[in-house]
Amino acid sequence: MELSVAGVEDARTDSRRSIPERLAQLKTIEQGWANLHFRQKHTLHWPQGHLWELYGGVLARGVEISATTRGLAFMRLPSAAEGSPAHTWEHVDIGVNIRDFAIDPAQDLAVVIAHPVTVSVCVSLISLAVFVTLCGPTGRSRKYSIHLRAMSSGGNHPNASDPILSCITGVSSPNYSFIIQVMGDFLAVLFHTAIGYLKAELFIWNWKTGRHLTSLKASSLASDITSVSFLSPRHFIITMCTLPDQQPELDVYDFLAEGSSEPLLVRRYQLPHVTQDTVMLSILTRSDPSPETSSLLSTTLGSSFCSAPSSRLLAVSMDFRIREDPPQSYVLFVHHSSLLEEVESTSMLNDKLVRWENWGPQKTRMMRTLFNEPTWVCYVHGTRYVRPEPFAIIGGAQLCRLRMLDFNQLALRRAKNLSTETSTSPSSSASSSSEEDEPPFHSVIVQESQPTIIEQDESVFVQRISTALPYREVMSREMFPYVAVMINQDCVVAHKWDPGTGDFMSEVEFLCI
């Protein structure tokens, strides 16, 4: 019961701990998140680089040699819950000029995208045979090699039948960006470039067998694919940056559909309509860990608990602009289960479109934000979302409060039914205790009767938006000198800014629950 309410699984990796001891540990962790009570704070040296990743309790970065990224460095996060310190290791040179990478510690997997070679696809008029030749900068395509390495050794991954996957994209732009997602045996790589070029391409493989499963091109959709996230062991969701005369939406595909060489569109979720003079600047989905992650991750890292596959929140960040006005930023939250319910219950319908009014108001929560973090995007884990809220500038340093939203519906219902939620506000706590006695947090629970309202005349939308997915908000009283924060199973990773160098500091702080 306690595991289900917390939205986690018990790895049962520590035989020295009895069930009552593990239960006490779970309650300590949950209370820590409920109150943003950090039992430990560690400041560790971690040089900043152009490439980085946070996943599965491991922070990773690219290691540069003569301004070229050739290696990988890893840090297993410290844990107050497990009583374990940080552990670091690195491979200075893995023999590849690294363009981007991703990791899956549960499978000891590092997915490394090498810098591409430019190619052109030529057709012989005599044999009509298609062949690939190396060419100069006038080539129209690029061939990418994707190396499957073991995080532990830096060598080829032993479970990969072919340790190097390859693909050819139809774009020669050097400004390509990548989104890399791993879910069990499946690997998805999205290649995308500047908005408006309709050049994004998505490839999905079974990385263990090396088999290419499916591909999806933006040119066939008339919109740019900007992000991808796995929703289930057979579904993924994409966002598309729409043109001025289009409406934003979320598209769910089945990439294992029988009898189809392409992914099958199974549902299209409409987002709120925007005005005709509104331009979408960006739209991005984030959800961690992947739906198939289970106790294997805890076993690998020695953790007692991990987020249950059923406890997954999708955060959709959106940025818009109207003419020359300042950009407007929004974030929308929805559970994986809400999107999959519609897919599974009406999978045979010919009409794939789900209108906003039929799903958004009750199954999502949309909020306006000061900005959407463009770089440190690991702000979601399980059903929790964290971000820094700018508060004040003191002594030249920007101070913030930590704000955490938790969309765990079982925990919310338990709190409501048992009436045991301890909720205070700044005014009530000030009247009942001194400043020294106040806890370094306050929390408030928001139920269906308290929807978030975005007024039409103050936004980019053509109508008033009301969304009511319940959540619990915790805001720290303590102020921190952070400009970016990320979240993992039982830790917040925080970054500071150095105004002297105009870059992030090389020390990273770890706030452990």
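Modeller: Let's take Pro 289, which is buried at 5% relative accessible area (buried is under 20%, exposed over 50%, partly exposed in between, with a 1.4 Å probe and protein chains only). Before going on: this is a predicted model, where local features need pLDDT of at least 70 and side-chain atom pairs pLDDT 80 or more, while totals for chains, interfaces and linings use all residues. Numbering runs from 1 along each chain as its sequence is written, and side-chain values use heavy atoms, without hydrogens or water.

Pro 289 sits in the loop between strand E21 (278–286) and helix H3 (295–301); helices (H or I, at least four residues) and strands (E, at least two) are DSSP runs numbered from the N terminus. Skipping neighbours within four places in sequence, Pro 289 is in contact (heavy atoms within 4.5 Å) with Tyr 55, Ser 307, Arg 312, His 381 and Gly 382. Of these contacts, His 381 lies 92 residues away along the chain, yet its C-alpha is 6.4 Å from that of Pro 289.

Met 479 is partly exposed, at 31% relative accessibility.

Over in helix H2 (residues 19–35), the end C-alpha atoms are 24 Å apart, which agrees with the 24 Å that its 17 residues should span at 1.5 Å a residue (the expected span is 1.5 Å times one less than the number of residues). Buried residues in H2 include Arg 22, Leu 26 and Trp 33. After H2 comes Leu 36, with a positive phi near 50°.
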